[in-house]
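Biologist: Please take one part of this model and go through it closely. I would like to know what surrounds it, how it is built and what comes after it.

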Amino acid sequence: SQRARAVQSDNPERRLHDNVITYKVGESGTDKTVTNKFSITGFTKTITQLNDTTNLVGEEGAQMMAKFANVMRDKSQQSNEYFGRMGSTIVDLGNNFATTEQDLVRMSTRIAPSARAIGMTEQQVLALSTALSAVGIRAEAGGGAMSKWLSNINTMVVTGSEDLGKFAQVAGMTADEFATAWRSDPMTAFQALIHGIGAAGPEAS
């Protein structure tokens, strides 16, 4: 079987390549957390490099990367270069902030569904996840809470909820200004909100 060949292989890159193929066509045939055949080379190369240089290792690391990519981008848009750029971004963030590659990717995977729904890019999600994990927020709790917050704000923008005015005020904008900013660049609007909460301190609660 493919899994047997993967286990028996002495070549780490080949073994990982076989494992990724197994995710795609093996025992869990309905598993969507895999890359497409057109990007398998880039995906495998990136994961192999991350295995060698970071704590994002093994099948768990490969699955997290694949899940994040598949949520954020349609498979037809994934390419070898796409995974190369993603790997470089992850390593750069892990090297320059007080977090690990595994923690920031795990957080990103949690946030990704809500983030894509509001129009955030992969780079923005990775940056936000880095900021959260760098201050000790765990993906299991913090990722779910952040996703809910993003979704709630987006719902307020879409529905024109009166409650949006409270968030806009904290961000230093009118409700209309915040809604416009959110629709055009949600990350910038969100950063303004976070800055406003930090400046207000306890009064923002």
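Modeller: The model is a predicted one, in which local features need pLDDT of at least 70 and side-chain atom pairs count only at pLDDT 80 or more, while totals for chains, interfaces and linings use all residues. Residues are numbered from 1 along each chain as its sequence is written, and side-chain values use heavy atoms, with hydrogens and water left out.

The buried residues of α8 are A139, G142, G143, M146, S147, L150, I153, N154, M156 and V157. As a helix (a DSSP run of H or I, at least four residues, numbered from the N terminus), α8 takes in residues 139–159, 21 residues in total. From first C-alpha to last, α8 reaches 29 Å, close to the expected 30 Å at 1.5 Å a residue; the expected span is 1.5 Å times one less than the number of residues.

After α8 comes G160, which has a positive phi, near 70 degrees. D176 itself counts as exposed (over 50%, with partly exposed in between) because its relative accessibility is 62%.

Notes
Helices (H or I, at least four residues) and strands (E, at least two) are DSSP runs, numbered from the N terminus. Buried means under 20% relative accessible area, exposed over 50%, partly exposed in between (1.4 Å probe, protein chains only).
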